[in-house]
Amino acid sequence: MSARTRMPVGLEARQKKGWIGANRYLLLRRTSQLFFLMLFLLGPWFGIWIVQGTLAGSLTLGVLPLTDPFIALQSLVAGHLPATSALVGALIVLGVYAVLGGRVYCSWVCPINPVTDAAHWLHVKLGLSKGWQPKRQTRLWVMAIALLVSALAGTVAWELVNPVTMVHRGLVFGMGAAWGMVAAIFVFDLVVSRRGWCGHVCPVGAFYGLLGHKSVVRISAAQRSACDDCMDCYAVCPEQQVISPALKGKPGSSPLILSPDCTNCGRCIDVCAMDVFNFTHRFDDRVDDRPDPLTAPAGRIA
């Protein structure tokens, strides 16, 4: 283990960029999550009806329908043809996430993400073992089961236990049992399975991962030659397996993180003191092979 690896995660980035610079995308994500949550709560709390509904299905300004495509799919397999406006809303959401990256929903919109991030933060602080790690395909099986139950029961099965919808309704009508669901997810990620809910169980994340398989917006390790092997990007990434192909790929390999598991959260950009990562598009496979100024032989740096 190198001296850099033993340093606190993000320390070099904070020293170089300042605290805000080393947490820029984290702060933007929290702002985004709060913004979307408040859009839905302005109506019931203050009578300002910009958006009516929940993330499962809503109407913005009385004209723009938006529907969770996973909900629409469950409705279809259950034998219920959604209204035309709901189908249009599902197509709009499909188009947006097909461009931005399906799991952008998980890191920039989902109100459960701060709960699982908090559990991971405490997990690391307490030095707990990573615990039981189900295969990542588990969430695909959960998604398939939700669709199967919807078809057999003739109902939108996942909505019966969907923690996102439970939290939305709880914030309007009183949390009640919703607190139990939130607490269960927190405890699950804290002591049962590190990053288990989002990374291994949630069928919504699985669905959006499939949706964003060919998405345009990507993160690139274009400056990978400057990597100093501090491992901070791996420490903060909720889907660590997506980094290596881009960061440690063979010469000539793409620097783009192309895995649909990537949530485009931007934390790897935040904590990298060497500015290895950046947001770009899937057609930008340029690599900057400048030598690492910390390791390059004297006289070889321009």
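Reader: How do you know what confidence the protein has?

Author: From pLDDT, the predictor's confidence in each residue, from 0 to 100. The mean for the protein is 91, and 93% of its residues reach 70 or more. Confidence is lowest in helix H1 (residues 3–6), at a mean of 62, and highest in helix H15 (residues 267–271), at 97. Over residues 293–302 pLDDT stays under 50. Where pLDDT is low, the predicted coordinates should not be read in detail.

Reader: Why are H4 and H8 called oblique to each other?

Author: Helices (H or I, at least four residues) and strands (E, at least two) are DSSP runs, numbered from the N terminus. Axes are lines fitted to C-alpha atoms, for helices over the stretch in contact, and angles run from 0 to 180 degrees between N-to-C directions. Angles under 35 degrees count as roughly parallel, over 145 as roughly antiparallel, 65 to 115 as roughly perpendicular and the rest as oblique. The axes of H4 (residues 69–77) and H8 (residues 138–153) cross at roughly 40 degrees, so the two helices are oblique.

Reader: What makes up the contact between H4 and H8?

Author: Contact means heavy atoms within 4.5 Å. Phe70, Leu73, Gln74 and Val77 in H4 meet a set in H8 that includes Met143 and Leu147.

Reader: And why is H4 called roughly perpendicular to H12?

Author: H4 and H12 (residues 203–211) pack at an angle of about 100 degrees, with their axes 10 Å apart. That angle makes H4 roughly perpendicular to H12. Pro69, Phe70 and Leu73 of H4 make the contact with Pro203, Val204, Phe207 and Tyr208 of H12.

Reader: Why are H3 and H9 called roughly parallel?

Author: The axes of H3 (residues 24–46) and H9 (residues 163–173) cross at roughly 30 degrees, and H3 and H9 are therefore roughly parallel to each other. On the H3 side, the contact residues include Phe40 and Trp45; on the H9 side, they include His168.

Reader: What makes aspartate 275 and lysine 17 a salt bridge?

Author: The term asks for a side-chain nitrogen of Lys or Arg within 4 Å of a carboxyl oxygen of Asp or Glu. Here the closest N and O atoms are 3.5 Å apart, and the pair forms a salt bridge. This pair links distant parts of the chain, 258 residues apart, with lysine 17 in helix H2 (residues 11–21). The structure holds 12 salt bridges.

Key
Residues numbered from 1 in each chain as written. Predicted model: local features only at pLDDT ≥ 70, side-chain atom pairs only at ≥ 80, totals over all residues. Heavy atoms only, no water.
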